[in-house]
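Thanks for coming, everyone. Please bring the structure up on your screens, and keep the sequence beside it.

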Amino acid sequence: MPVHTYTNWNSRPSDREEQVEPYRKYYFICEGANTETFYFEKLIDLRKDLGIHPLIDIRLWEKTEGDRNISFAKNLVRFAYEQKSLESNGFDVERDKMIIVFDGDIFEEKVQGYDELIASIEENDIAAVSNPGFELFLLLHVDGSYEKYIQGHEADFLTMVDGKYAYAYNALLEATGMNAKKNPQIGTLAENVLVAIEQERLINQDIHQLKGRVSSNIGLIIDGIINEEPEISFLLCG
């Protein structure tokens, strides 16, 4: 099985509670195998606390075994579409949405075809991109981090040191004391997702204008899920 689905949908139903299928499922599938998994599993556990509508579900497709190391964005998109087509994964092409989460850093200097990739994803699904990487989005969960680490430091985020964009990782380490790549507790930042949503509005959220700009639209996407209301017709007939 190429993916493992993480969900808490109806995880603690009472014996009397009627089992209802969600109106829409959002499936996150991510470039990173560790950090993003720590985060989105915690976010999923917080679904009810965040006030997400009871008929809206969020799930994580975790890559497994030989597919775990698929990371190049174009390969990730191809893999994600393969998962959508597998009946065993339960993806409803009429209602469900796939959110493909990847870093924008490789498109800064080395890789072409970013605009075409985004256009292909947005035909049916959602592209969630942070530039230079996911650590930037995590940093936004720390109250006051925009003023302390981002404002006036935009060039630092997009400057390579020893072949890496290290500023976001180092700022996050300083702000949280956690190694985002190895410490599962980094996922607890999801408890501050509303802070991240607000602070993300202070940076570029337009992923179509991402190159050369500190950017993220992940909070924007999560905010949309939190505020989504299923169609009245489904509630009456579903």
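A word on the source. This is a predicted model, so local features need pLDDT of at least 70 and side-chain atom pairs count only at pLDDT 80 or more, while totals for chains, interfaces and linings use all residues. Residues are numbered from 1 along each chain as its sequence is written, and side-chain values use heavy atoms, with hydrogens and water left out.

Let's start with the sheet. Helices (H or I, at least four residues) and strands (E, at least two) are DSSP runs, numbered from the N terminus. Six strands form an open sheet with mixed pairing. Their order is β1-β3-β2-β4-β5-β6. Two strands count as paired if DSSP finds at least two bridges between them. β1 (3–6) and β6 are the edge strands, and each pairs on one side only.

Now look at β3. How does β3 run against β1? The two are antiparallel, joined by four bridges. Tyr6 stands opposite Leu60 of β3. With β2 the pairing is parallel, over six bridges. There, Lys25 has Asp57 in β3 as its bridge partner. β2, α1 and β3 together make a right-handed β-α-β unit. Right-handed here means that, with the strands pointing away from the viewer, the path from the first strand over the helix to the second runs clockwise.

Is β3 mostly covered or open? Mostly covered: eight of its eight residues are buried. Buried means under 20% relative accessible area, exposed means over 50%, and partly exposed is in between (1.4 Å probe, protein chains only). In a regular strand, side chains alternate between the two faces of the sheet. In β3, Ile56, Ile58, Leu60 and Glu62 point one way. Asp57, Arg59, Trp61 and Lys63 point the other way.

Further across the sheet, β4 (residues 97–103) and β5 (residues 126–131) run parallel, joined by five bridges. Asp103 has Ser130 in β5 as its bridge partner.

Next, salt bridges. A salt bridge needs a side-chain nitrogen of Lys or Arg within 4 Å of a carboxyl oxygen of Asp or Glu. How many does the structure hold? Nine.

Take Glu228 and Arg24. Their closest N and O atoms are 2.2 Å apart. Glu228 sits in the loop between α10 (218–226) and α11 (232–237), and Arg24 is in strand β2 (residues 24–30), so this pair ties together parts that are 204 residues apart in sequence. Both Glu228 and Arg24 are buried.

Then there is Asp57 with Arg47, at 3.7 Å, N to O. Asp57 belongs to strand β3 (residues 56–63) and Arg47 to the loop between α1 (35–45) and β3, so this pair ties together parts that are ten residues apart in sequence. Asp57 counts as buried, at 0% relative accessibility. Arg47 is buried too, at 3%.

One more pair: Arg201 and Asp223, 3.2 Å from N to O. This pair links distant parts of the chain, 22 residues apart. Arg201 is in the loop between α9 (193–200) and β6 (215–216), and Asp223 is in helix α10. Arg201 counts as partly exposed, at 42% relative accessibility. Some salt bridges also share partners, and these join Arg47, Asp57 and Arg59 into one network.

Now to α10 itself. Seven of its nine residues are buried, so α10 is largely enclosed by the rest of the structure. Among the buried ones are Ile218, Gly219 and Asp223. Asp206 lies in the loop between α9 and β6. Asp206 is partly exposed, with a relative accessible area of 34%. From Asp206 to Leu220 is 14 residues in sequence and 9.9 Å in space, C-alpha to C-alpha.

Last, the largest pocket. On a 1 Å grid over the protein atoms alone, a pocket is an open set of points where a 1.4 Å probe fits, with protein on both sides within 12 Å along at least five of seven lines; lining residues have an atom within 4 Å of a point. The largest pocket holds about 600 Å³ of space. Grid points are joined across faces, edges and corners, and the volume is the space filled by probe spheres set on the points.

Which residues are closest to its centre? Of the 24 lining residues, they are Asp103, Asp105, Glu135, Tyr165 and Lys181. The lining divides into ten nonpolar, six polar and eight charged residues. Nonpolar covers Ala, Val, Leu, Ile, Met, Phe, Trp, Tyr, Cys and Pro; charged covers Asp, Glu, Lys and Arg; the others, Gly among them, count as polar.
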